[in-house]
Amino acid sequence: MDTVWAVPARLDRSLGDDVIGYEVEAPDGSVGTVVRLSSVPGFGHLVIDAGTWKFGRSVVVPAGMVAAVDDAERVIKVGCTKDQIKEAPRFERDQDTGDLFYLRNLGTYYESLTAAT
């Protein structure tokens, strides 16, 4: 993986607005639904509505954590667990997805997960 922010080349597809509404699944279960994508160049990520999973909050997952996309089933599989996503720097406001300080902290966290594997 070149960067945690880029869609892995092995997927042979980009992540565009067509994935809004797709379910997101971690190896240990459902995370939620994609509600929007990054608009910050170089910081590709998904904003996921986690519903009641964790106090109704949304979470941000970098595009590099996407393991597979099943267009027929409308499902994106990520390569991190629900607990790992919960432990990521908390997404509080819509502005956070454009805040470079937040994005760098988020990237550092997810890079540590990929380094451990």
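**Exercise 1. Classify Arg90 and Glu92 by accessibility, then describe how they pair.**

Step 1. Arg90 has 40% relative accessibility and therefore counts as partly exposed; buried means under 20% relative accessible area, exposed over 50%, and partly exposed in between, with a 1.4 Å probe and protein chains only.

Step 2. Glu92, at 54%, counts as exposed.

Step 3. Glu92 and Arg90 form a salt bridge, and their closest N and O atoms are 3.1 Å apart. The term requires a side-chain nitrogen of Lys or Arg within 4 Å of a carboxyl oxygen of Asp or Glu.

The model is predicted: local features need pLDDT of at least 70 and side-chain atom pairs count only at pLDDT 80 or more, while totals for chains, interfaces and linings use all residues. Residues are numbered from 1 along each chain as its sequence is written, and side-chain values use heavy atoms, leaving out hydrogens and water.

**Exercise 2. State how many salt bridges the structure holds, and examine the one between Lys77 and Glu25.**

Step 1. The structure holds four salt bridges.

Step 2. In the bridge between Lys77 and Glu25, the closest N and O atoms are 3.8 Å apart.

Step 3. Lys77 lies in strand E6 and Glu25 in strand E1, so this pair ties together parts that are 52 residues apart in sequence. Helices (H or I, at least four residues) and strands (E, at least two) are DSSP runs, numbered from the N terminus.

Step 4. Lys77 is partly exposed at 41%, and Glu25 is partly exposed at 30%.

**Exercise 3. Describe the two aromatic pairs.**

Step 1. Rings of Phe, Tyr and Trp (its six-membered ring) pair if their centres lie within 6.5 Å; planes under 30 degrees apart count as stacked, over 60 as edge-to-face and the rest as tilted. The count comes to two pairs.

Step 2. Trp5 and Phe43 are edge-to-face, at 5.1 Å centre to centre with 65 degrees between the planes. Trp5 is in the segment before E1 and Phe43 in the loop between E2 and E3, 38 residues apart.

Step 3. The ring centres of Tyr109 and Tyr110 are 5.2 Å apart and their planes stand at 80 degrees, so this pair is edge-to-face.

Step 4. Trp5 and Phe43 are buried, and Tyr109 and Tyr110 are buried.
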